[in-house]
Amino acid sequence: MNKTDVLHVNSDTCYDIIMENGFQGLGEHVRNVLVCAHSVLIVSDEKVYGLYGDEVKKTLTECGFEVKTHIAEALCESKKTQSTVTEIYKSAIDANLTRHDAILALGGGIVGDVAGFAAATFMRGVNFVQVPTTLVAQTDSSVGGKCGINFDGVKNLIGSFYNPALVYISPHVLCSLPQRERCAGMGEVIKYGCIRDASLFSDLASGDFDISDVILRCLRIKRAVTEKDSHDLGLRHILNFGHTVGHALEEYTSGEILHGEGVAYGMYAMALAGERLKITAQGTAKSIKDLCEKHGLKTDYTKYFGFEKYISRDKKRTADGIKAVFLTEIGSAVIREISVAELTGLLYG
Ligand SMILES: NC(=O)c1ccc[n+]([C@@H]2O[C@H](COP(=O)([O-])OP(=O)(O)OC[C@H]3O[C@@H](n4cnc5c(N)ncnc54)[C@H](O)[C@@H]3O)[C@@H](O)[C@H]2O)c1
Ligand SMILES: [Zn+2]
């Protein structure tokens, strides 16, 4: 019998995160939450759909759904745009989707973010199901309702908060994930250890962990934080530890650096900055660097000299500067407002 883990999320809307190995049970779980739905539009990319599309389509069809597909070519950051969302709208129209029906994202964080934005806006909102297939998406992006697109060279500038009706996670799909993507995913996982769970951080350092267990531990943190602050007005900022620098590096390199890789550079940078400000316990940056390197992630951001000019375009900017996330120590984060100039000075010591 397949083991099922369920995390119930009690946010602006309530939904379950179901973790099972394999897609056999997916259709039934979708049917349980979308009792009146007739059609499901699967949004995916060619690679992921080629690997898992048949299984997903089969389980949905067996549960009485008419299944339509929108399969994009490889979706990278430069394709996380309005025109990609527009193509999804066209497929939704071709599929005669009604507001009772659903868009199902099958893929990584990019598929989830664009499909979620399409679901949030098509007919003022159709049901949305997340079936994340990368470590980033399974531990982070599929939960919490943030969706959107890049615009004018700024990451996630246009978007919405739109909760899924269901998140279905099958860790078995991680076996086909390219090594570089898996390492990038560890960037987000290490982030959770840094901000909220020192024991997760040390388990990752020991190398003795089960990936399904790690995913659940990350999701429990994401759930706890987003339940308290679903619209990112305060506490939720801590989930952005490392992201101000990470996003700037992603933009500076036009997506050459993957999201999770950017987060790794950013966590090290912010730990160093925090030590220089005497907010962060000495030695924290070194621990983060060692753990990132153990999981195949680089941390020497100074080789991208010049990236810092992209920090001033960060969405977390306020009139006085930026809401920066620092650690006091591993497992504990604080938010401090700081000017971009001061942060830049700290990054270069
Ligand atoms: N909404 C949020 O809260 C949130 C949180 C974190 C990240 N994000 C966003 O997520 C995006 C990054 O997502 P990502 O890291 O998942 O990358 P991604 O979506 O680019 O996917 C990575 C690549 O892996 C391939 N792939 C996916 N699953 C696979 C599998 N099981 N086997 C083989 N190949 C597979 C995809 O085809 C793709 O080429 C960024 O745009 C980031 O801004 C959003
Ligand atoms: Zn992230």
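Tutor: Domain bounds, to begin with, come from an automatic or database domain assignment. On that basis the protein is divided into domain 1 (5–176) and domain 2 (179–347). The model is predicted: local features need pLDDT of at least 70, side-chain atom pairs count only at pLDDT 80 or more, and totals for chains, interfaces and linings use all residues. Residues are numbered from 1 along each chain as its sequence is written, while chains are lettered from A and ligands numbered from 1 in the order in which they are written.

Student: Why is ligand 1 said to lie between the domains?

Tutor: Both domain 1 and domain 2 give residues to the shell around ligand 1, so the ligand lies between them. A residue is near a molecule if its C-beta atom, placed from the backbone, lies within 6 Å of it. There are 31 residues around ligand 1, and Gly108, Gly109, Thr134, Val136 and Ser141 come nearest. Elements giving two or more residues to this shell include α4 (109–121), α6 (179–196) and α10 (259–277); helices are DSSP runs of H or I with at least four residues, and strands are runs of E with at least two, numbered from the N terminus.

Student: What makes the domains count as touching, and how many residues are in contact?

Tutor: Two residues are in contact if their C-beta atoms, placed from the backbone, lie within 7 Å. By that criterion, 30 residues of domain 1 are in contact with 28 residues of domain 2. The C-alpha centres of the two domains lie 26 Å apart.

Student: Why is the protein called as compact as a globular protein of its length?

Tutor: The protein has 12 helices and 12 strands. Its radius of gyration is 20 Å, close to the 20 Å that the globule rule gives for 349 residues, so the description applies. The radius is taken over C-alpha atoms, and the rule is 2.2 Å times the number of residues to the power 0.38.

Student: What makes a set of residues a nonpolar core?

Tutor: Such a core is a set of buried Ala, Val, Leu, Ile, Met, Phe, Trp, Tyr and Cys residues joined through C-beta atoms within 7 Å. A residue is buried if 20 or more other C-beta atoms lie within 10 Å of its own. The largest core has 108 residues, and Leu106 and Met267 are among those touching the most other members. Its largest share, 10 residues, comes from α10.

Technical notes. Buried ≥ 20, exposed ≤ 12 C-beta atoms within 10 Å, placed from the backbone.
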